Amino acid sequence: MTFMPWTSELELGFEEIDRQHQELVRLTNALHEELCCPIPRREAIGAVLEGLVDYTHNHFIVEEVLFQRHGYPETPAHQAEHNGFTAKAMDLLMRFEDGEEVSIEAMEFLKEWLVHHICKVDRAYLPFLRSALAREATA
Ligand SMILES: [Fe+2]
Ligand SMILES: [Fe+2]
């Protein structure tokens, strides 16, 4: 069974954003798959953790640029959530590099954070963004 299945609840209806969220879910599942191997490979786990840090960084910029362009009023709180994720992901990566066993903690944190953030915090910008983009299209 897939550790973190992609469900319609995670789908926001913006192609680029959904594609990026899907990639984050894919990386989370890749970490899970590696941990299910009889002997998980350290380099593979490190590569997934690094990939997540990189990819979330880019994804957060895409969302924050959209917020800034359209004046999304919840930007500071949303950005604080992104920053909280980045701090935790960096902490996990650093501890991993120091030889600590963080894989299970990372996997659980990722699933929980992504579901909460996409379904609640990202979903909250949909009405605003839809009307901002519609206004832009008719302007
Ligand atoms: Fe977000
Ligand atoms: Fe997002």
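What covers the buried residues of α1? I will come to that after some housekeeping.

This is a predicted model, where local features need pLDDT of at least 70, side-chain atom pairs count only at pLDDT 80 or more, and totals for chains, interfaces and linings use all residues. Residues are numbered from 1 along each chain as its sequence is written, chains are lettered from A and ligands numbered from 1 in written order, and side-chain values use heavy atoms, without hydrogens or water.

Back to helix α1. Helices here are DSSP runs of H or I, at least four residues, numbered from the N terminus. Buried means under 20% relative accessible area, with a 1.4 Å probe and protein chains only. The buried residues of α1 include Ile 17, His 21, Leu 24 and Leu 31. The cover over the buried residues of α1 includes α2 and α4 (103–122), with contact meaning heavy atoms within 4.5 Å.

Glu 63 sits in helix α2 (residues 42–70) and His 82 in helix α3 (residues 75–97), 19 residues apart. Glu 63 is buried, because its relative accessibility is 0%. His 82 is also at 0%, so it counts as buried.

Last, His 70, in helix α2. At 14% relative accessibility, His 70 counts as buried. Leaving out residues up to four places away in sequence, His 70 touches Phe 128, Leu 129, Ala 132, Leu 133 and Glu 136.

Conventions
Helix = DSSP H or I, 4+ residues; strand = E, 2+ residues; numbered from the N terminus. Buried < 20%, exposed > 50% of the residue type's maximum accessible area, 1.4 Å probe, protein only.
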